[in-house]
Structure formats: C-alpha cells, structure tokens
Number of protein chains: 2
Amino acid sequence: MTIYDVARAAGVAASTVSRTFSRPGRVHADTAERVRQAADSLGYRTTPQARAHATTRTGMIAVLVSDIGNPVYAEMVRGVQAAASAAGCTVLLADSQESDRQERAALERALPSVDGVVLAGSRMSDSAIRVIAKQKPLVVLGRAVGDVPSVVPDNGRGMREAVEHLAGLGHSSLGYVAGPAASWAEGTRWRSLLDTATELQLRVRRLGPSTPDVAGGMRAAEELGGHSISAVLAYNDQLAIGVLRGLRGRGVRVPEDVSVVGFDNIGAAELVTPGLTTVAAPLHAGGAAATRALLAMIDGAPGATGSPVVLPVRLVVRESTAQRSRKSTSPASGTTKVSPSAAQASTSTSAGSR
Amino acid sequence: MTIYDVARAAGVAASTVSRTFSRPGRVHADTAERVRQAADSLGYRTTPQARAHATTRTGMIAVLVSDIGNPVYAEMVRGVQAAASAAGCTVLLADSQESDRQERAALERALPSVDGVVLAGSRMSDSAIRVIAKQKPLVVLGRAVGDVPSVVPDNGRGMREAVEHLAGLGHSSLGYVAGPAASWAEGTRWRSLLDTATELQLRVRRLGPSTPDVAGGMRAAEELGGHSISAVLAYNDQLAIGVLRGLRGRGVRVPEDVSVVGFDNIGAAELVTPGLTTVAAPLHAGGAAATRALLAMIDGAPGATGSPVVLPVRLVVRESTAQRSRKSTSPASGTTKVSPSAAQASTSTSAGSR
DNA sequence: GCGGGTGCGGCAACGGATTGCCACGGATTG
DNA sequence: CAATCCGTGGCAATCCGTTGCCGCACCCGC
C-alpha cells in the first residue's frame with residue numbers, strides 16, 4: 001500500500017495524496033475527502049520510515065533515564081509520554097542502569113533515529129552533555145547544565161520549606177542523609193539546607209553520601225545513633241524510608257523521638273508507617289514541560305539556553321514529623337556505636353562556620 | 001555525510017561502501033579497510049532511516065508494559081533491553097498505564113516503526129492480540145495466548161511449592177488474596193492453589209479480587225480478620241506487603257500468628273519487615289527469552305506457536321512464614337468486622353467441593 | 001593454452017513519501 | 001476586454017542506502 005495505489009484509486013496524482021495527509025488545507029476539501037475515502041478503503045497507512053527519509057524528521061524523541069525501576073523516573077517518563085503523544089510523537093525510552101557507559105551506549109544507539117533527547121537524571125558529565133546538545137535538540141531534566149536547556153524542580157525552595165517546617169516544630173539539631181555526591185540535586189539540596197539552617201541558627205550534620213536507596217537509608221540510620229539529632233532530612237524518599245526502617249530497628253520512635261523528612265514524594269511515601277513528610281516535586285509536569293520545550297526546539301525554536309526552567313514544589317506534611325520532644329534529643333537506644341568508615345565519611349558541619 | 005561522500009574519498013563505488021558495512025566479507029579486506037578509514041575520517045554514520053527504508057527493517061522492537069512504575073515490569077524490560085542490544089537492536093518502550101485504550105493507542109503508534117513487539121502484562125483481549133500477531137512478529141510475556149508465542153513463569157509449580165511449604169509448617173487453613181480477575185496469572189495461580197490444596201487436604205478461602213497494590217493488600221487484611229486462617233498467600237508481592245502492613249496495623253503478628261507468602265520476589269520483598277517469603281520468577285531471563293524468540297521470528301523463524309515457554313521459578317523463604325502456632329488459628333485482635341462489600345466479594349471455597 | 005570457476009567492484013533500479021516549480025482554469029480587477 | 005492573481009493539482013527530483021545482476025580479472029586444472 002503506497003500513496004501511488006491510493007492516488008490511482010482516487011484518480012489523482014501521488015503528490016496530492018501526500019499533501020492530503022501532510023499539508024492539510026493545501027488540497028481542495030472535496031479532493032481531500034475523496035483521497036481519504038480511497039485511503040481507508042484500501043487500508044493505507046503512511047510509513048514513518050519513508051516519511052522520515054524524505055523529511056529528515058523521525059517523529060520520535062528519546063528519553064534516557066538512569067533507572068526505570070525508580071518511581072521518580074517512572075513518573076517523569078509518564079509526563080514525557082503524555083506531552084509527546086499529545087504532539088503526535090513517539091518516545092524511545094532507554095534505561096542506563098545508573099551507568100555512564102551504558103548511558104553513552106544507549107544514547108549512541110538511539111540518537112540517530114530521534115529528533116531530540118530528554119536526559120533525565122543523567123550520569124554523564126556536563127561537558128559530554130554539551131557535546132550531544134550541539135548535535136541534536138536536547139533538554140536536561142532534573143539537573144541544570146550550563147548552555148543547555150534544563151528543567152529542574154525548585155530544590156532550594158523545597159529544602160527551605162522542609163527546614164522551616166522542622167524549625168517551626170522546635171527542632172534545632174538536624175541531620176542530613178546525603179545522596180550521590182556527583183548528583184546535581186544533591187548539591188542544590190545540601191546548599192539550600194545549609195543556607196536555611198544558617199539563617200535560622202540551626203545545627204546540621206551531614207551523613208553519607210549513601211547510595212540513594214532504602215538500604216542506604218538503613219545504613220545511615222546506624223550513623224545517626226551517635227549524635228544528638230532530633231530531625232533528619234534525606235536526599236530522597238528511598239533514603240528517608242530506609243532511615244525510618246533503620247530507626248525502628250534500633251528502637252527509635254518516629255516521630256516521637258526523631259522526625260524524618262524525605263524528598264520527591266514517591267508513591268511509597270504515603271504507604272509507609274508513619275506516612276513520610278516529604279517535598280513533592282511535580283515530576284509528571286516536569287517531564288511534560290521538558291518535552292514541550294524539546295518539541296519547540298525541534299520545530300526551530302531557539303531553545304531557552306539561559307537559566308533553567310524551575311518547577312514549583314510543595315511540602316507534603318504527613319506523620320513522620322512532629323513537635324520536638326522536650327525530654328531528650330538523643331535516641332533512647334543503647335548502642336550508639338558508629339562504624340569507623342561511617343564516622344570518617346560523615347562531615348560534621350556547623351552552620352555558622354561558612 | 002552519505003555513502004557517496006565516503007565512496008569518493010575512498011575511491012570506490014557507493015555500493016562498495018554500503019557492502020563494507022552491511023555485508024562483511026563481501027568486499028576485499030584491503031578495500032574494506034580503506035573504506036572504513038575514509039568513513040571515520042569523515043565521521044560518517046549510517047542513517048537508520050535510509051537503511052530501514054531500503055530493507056523494510058527498522059532494527060527496533062517495541063515493548064509494551066501495563067505499568068512502568070511496577071518493578072516487575074521494570075525488571076522484564078531490563079531483560080528485553082539486554083537481549084535486544086546484544087542483537088544490535090533498539091527498544092521502543094511504551095507504557096499503557098493499565099488501560100486498554102492507551103495500550104491500543106501506544107501500539108498503533110509504535111507498530112509501524114518496529115519489526116516486532118513484546119507484550120508484557122497486556123490488558124487487551126486474546127483475540128485482539130491474535131489480530132496484531134498476524135500483522136507483526138509478536139511475543140506475549142507473562143501470559144499465555146493461544147496460537148501466539150508466549151513466555152510465562154511456571155506459576156503452577158510456584159504456587160504448589162508455596163502451598164507445600166506452608167503445609168509443611170503445619171498450616172491447614174489458607175487464605176488467598178486474589179489479583180485482578182481478568183489476569184491470566186491470577187487464573188493459573190488460583191487454579192494451582194486449589195489443586196494443591198485439594199491434594200493436601202487443606203482448606204482455602206479466596207479473598208478479593210483486589211487491585212494488585214499495597215493498598216489492596218491492606219484492605220484484604222481487613223477481610224482476613226473474620227476467618228480462622230493461619231497462612232495467607234497473595235497474588236503478588238505488593239498485595240502481600242499490603243497484607244503484612246494491614247495485619248500489623250490490626251495487631252496481628254507475622255509470622256507468629258499468621259504466615260504470609262507473596263509472588264514475584266520484587267526488590268521490596270527483602271526490605272520489608274519481616275522479609276517476605278515469595279515465589280521468585282526469573283523476570284529478567286523471561287524478558288530476554290521473549291526477546292530472543294521475537295528476534296528469531298523476525299529473522300524468519302516460524303515462531304513456536306504451540307505451548308508457551310515455561311520459565312522455572314523458585315520459592316524464596318524469608319521471615320514471613322513460620323511453623324503454625326498451636327495455641328490459636330485466629331488472630332487475637334478484637335475487631336473482626338468485615339465490611340459488607342468485602343464479605344460479598346469474598347468467595348468461600350472448600351477445597352473438597354470441586 | 002584454454003575453458004571454467006570464483007572473488008570482487010560497479011551500475012542502476014529500487015523503496016515511499018515530500019516538495020519546489022510549473023501549468024491550468026476561473027475569478028478579480030483596471 | 002485584457003492583465004493578473006489565486007487556488008489547486010501534476011511532474012519530477014530528491015532523501016540515502018541496499019541489492020540483483022553484470023563484467024572484469026585472476027587463478028586453477030586439464
């Protein structure tokens with residue numbers, strides 16, 4: 001089934017058939033109707049390959065995520081899919097499994113057959129990303145890369161609200177369970193935490209960095225024991241849930257003894273007990289926004305390369321945070337041993353010391 | 001950059017360049033070397049579009065999953081990606097968000113640009129699937145569809161082992177938390193449970209069906225209260241985890257009062273407390289196997305349309321199952337009210353009544 | 001020395017849609 | 001009434017590899 005078959009059936013030239021589908025309005029309404037009739041009586045469907053070959057547009061965009069299993073990315077991907085299919089565009093999803101090498105390989109494979117790329121939670125270096133961005137329209141999601149259009153949640157504001165919330169509950173000694181050191185989000189969250197803490201005259205102790213999963217959070221909960229801390233903020237919800245679990249394992253009650261705050265508001269955050277107070281980032285909206293920006297670039301828009309698009313966040317208060325108990329700031333648990341390696345990794349930081 | 005540019009630079013015809021890349025051995029080694037040199041000094045890369053146009057092979061396969069957020073699918077997808085990239089083939093992933101309509105839409109969009117499809121956890125009807133299978137190579141994953149190549153875990157054996165495990169621990173009154181009624185896996189698991197229970201002379205009560213997530217499991221835990229049941233099997237781990245959580249909320253201890261078994265062995269199964277005893281399906285291997293089968297079909301193999309490929313499973317015993325306590329079979333908890341709707345939905349089944 | 005076989009490169013015809021340019025007819029305008 | 005203009009459809013070139021077929025040259029063996 002080609003346009004030629006349809007053309008013959010409709011009694012027009014092939015070019016007219018082509019224009020009927022790709023250039024609405026260019027052909028007379030009656031002719032168009034006749035063509036369409038012929039087309040679907042023959043069951044004709046335009047071939048993306050041939051079209052791509054002629055237009056050098058594939059109508060596909062790639063989304064690279066570092067871990068499909070992570071609900072945060074799953075939600076972003078949904079946003080991307082929604083925006084893409086609204087624009088009649090197919091998405092090519094690739095998982096890099098947290099590996100730089102795999103990410104490059106996936107990109108290499110996908111790049112030639114797509115019109116543009118959304119990079120979500122990339123593990124590549126800024127400069128590597130810039131190189132790609134020179135070749136194809138590209139938007140970075142969840143990270144700001146200079147000279148490349150980026151869409152990021154307002155991590156600074158989110159962290160500030162979380163800290164203010166804890167301060168309002170009387171907490172003055174905070175712990176922060178850090179995520180991957182190389183992560184851009186980690187940098188912005190930590191900086192904002194530090195700034196806000198300074199401003200409000202709170203003490204803060206940094207733990208980690210940990211692998212940003214539940215197991216990492218449980219390990220971090222171990223470290224916590226030795227310090228007089230009444231509230232913990234974590235880089236993300238997985239870590240926070242790990243902390244919740246780890247603390248319970250050590251007999252520390254949340255939120256009575258220690259308050260815990262996460263980041264991202266993944267689905268599990270409201271299912272755990274106690275429900276996790278966390279900072280909600282508009283993941284779906286972010287994915288959609290990044291995609292719309294990308295599609296605009298593909299259509300020739302300049303690509304806002306200046307400052308990144310910042311998405312609003314909000315603090316979702318659940319049961320894992322409460323008024324600081326006045327009786328004690330340190331956990332009642334007996335064992336407060338800190339493993340040597342953990343002690344070494346943790347960087348004690350007085351907020352006033354900047 | 002086209003093969004013509006490369007041809008000129010290497011002093012050969014364009015066809016020779018083409019053959020150098022697509023027909024290794026067809027050109028003389030020295031010539032090939034010269035061509036390759038020219039190619040990468042010019043930075044030439046073959047365009048998938050043009051190739052696809054000429055060969056009517058895109059080198060892409062589509063994977064449709066019903067929910068990217070579900071770790072089970074995430075793992076399958078990884079298996080697919082591994083097998084696909086081993087074969088030099090790109091994966092087009094689409095999420096149907098548990099919706100038949102979206103699944104069709106995604107398929108419609110993806111189908112014309114891929115060489116074949118892996119359908120994982122499809123929500124479509126068997127007949128709809130057969131229709132697609134007539135048009136393009138297709139493999140169904142995690143479900144058996146007559147006349148269509150399928151790859152499924154050995155649900156029957158898995159369930160049997162789980163039940164035997166519980167019987168061995170002295171449990172004789174079982175509960176089953178059902179998944180979606182329309183699910184093929186639900187059917188096979190329930191049937192096997194029934195058969196095994198009959199054989200071992202155990203009583204079994206079916207609860208649900210529930211939405212197969214944690215919340216659904218918690219609701220099922222409510223239902224459980226009214227019955228004298230010492231062990232619960234769930235359709236999947238999410239439900240089982242929900243049951244765990246729900247029972248704890250009602251003051252029932254696991255595994256002291258009630259044993260719980262899940263299905264799938266998702267990552268969270270070993271992180272929850274107590275660790276969940278569950279049936280592990282080789283998700284990654286399944287994805288890879290389905291993909292290899294699909295690629296073989298694309299290469300012209302007949303496509304084993306007879307009985308489905310069955311993957312071995314194994315029971316992973318953790319802390320959520322234990323010897324039946326002799327003092328009591330019913331939970332100590334006070335409130336045993338069952339909501340009317342729940343009572344209505346639950347189908348009491350005596351194993352001997354078949 | 002000659003016929004046959006084989007290895008290897010070139011020519012040219014595809015594949016299916018898009019699009020610049022032209023032509024034709026009817027409507028508008030001076 | 002003639003000069004334009006616009007709307008619309010057709011012609012043909014183009015996008016970039018792939019591949020069937022041909023021919024050349026070289027090697028082998030009889």
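I'll start with DNA strand C: 28 residues surround it, and the closest are A:Ser18, A:Arg23, B:Ala13, B:Thr16 and B:Thr31. Keep in mind that this is a predicted model.

An N or O atom in the side chain of B:Thr31 is 2.2 Å from a phosphate oxygen of DNA strand C. From chain A, the side chain of A:Tyr44 has an N or O atom 2.8 Å from a phosphate oxygen of DNA strand C. A base is contacted too: an N or O atom in the side chain of B:Arg26 is 2.8 Å from a base oxygen of DNA strand C. The elements giving two or more residues to the surface near DNA strand C are helix H1 (3-10), H2 and H4 of chain A, along with H2 and H4 of chain B. H4(A) provides the largest share, five residues. By class, the surface near DNA strand C has nine nonpolar, 13 polar and six charged residues.

On to DNA strand D. Sugar and phosphate make up 53% of the atoms of DNA strand D that come within 4 Å of the protein.

Which part of A:His28 lies 2.9 Å from a phosphate oxygen of DNA strand D? That is a backbone N or O atom. For B:Arg23, a polar side-chain atom lies 2.6 Å from a phosphate oxygen of DNA strand D. The side chain of B:Tyr44 has an N or O atom 3.1 Å from a sugar or linking oxygen of DNA strand D. The residues near DNA strand D divide into 10 nonpolar, 12 polar and six charged.

Last, the two protein copies. Chain A superposes on chain B by a rotation of 180° with 0.1 Å of shift along the axis, at an RMSD of 0.1 Å. The two copies are thus related as by a two-fold rotation axis. In chain A, the C-alpha nearest that axis belongs to A:Leu92, 2.4 Å from it. As for the interface, 100% of the interface residues of chain A are also interface residues in chain B, so the copies meet through the same surface.

Definitions and conventions. Residues numbered from 1 in each chain as written. Chains lettered and ligands numbered in written order. Predicted model: local features only at pLDDT ≥ 70, side-chain atom pairs only at ≥ 80, totals over all residues. Heavy atoms only, no water. Least-squares fit on C-alpha atoms with pLDDT ≥ 70 in both. Contact = heavy atoms within 4.5 Å. Near = heavy atom within 4 Å. Polar contact = N/O pair within 3.5 Å; in protein donor to acceptor, adjacent residues only side chain to side chain. Nonpolar A, V, L, I, M, F, W, Y, C, P; charged D, E, K, R; others polar. Helix = DSSP H or I, 4+ residues; strand = E, 2+ residues; numbered from the N terminus.
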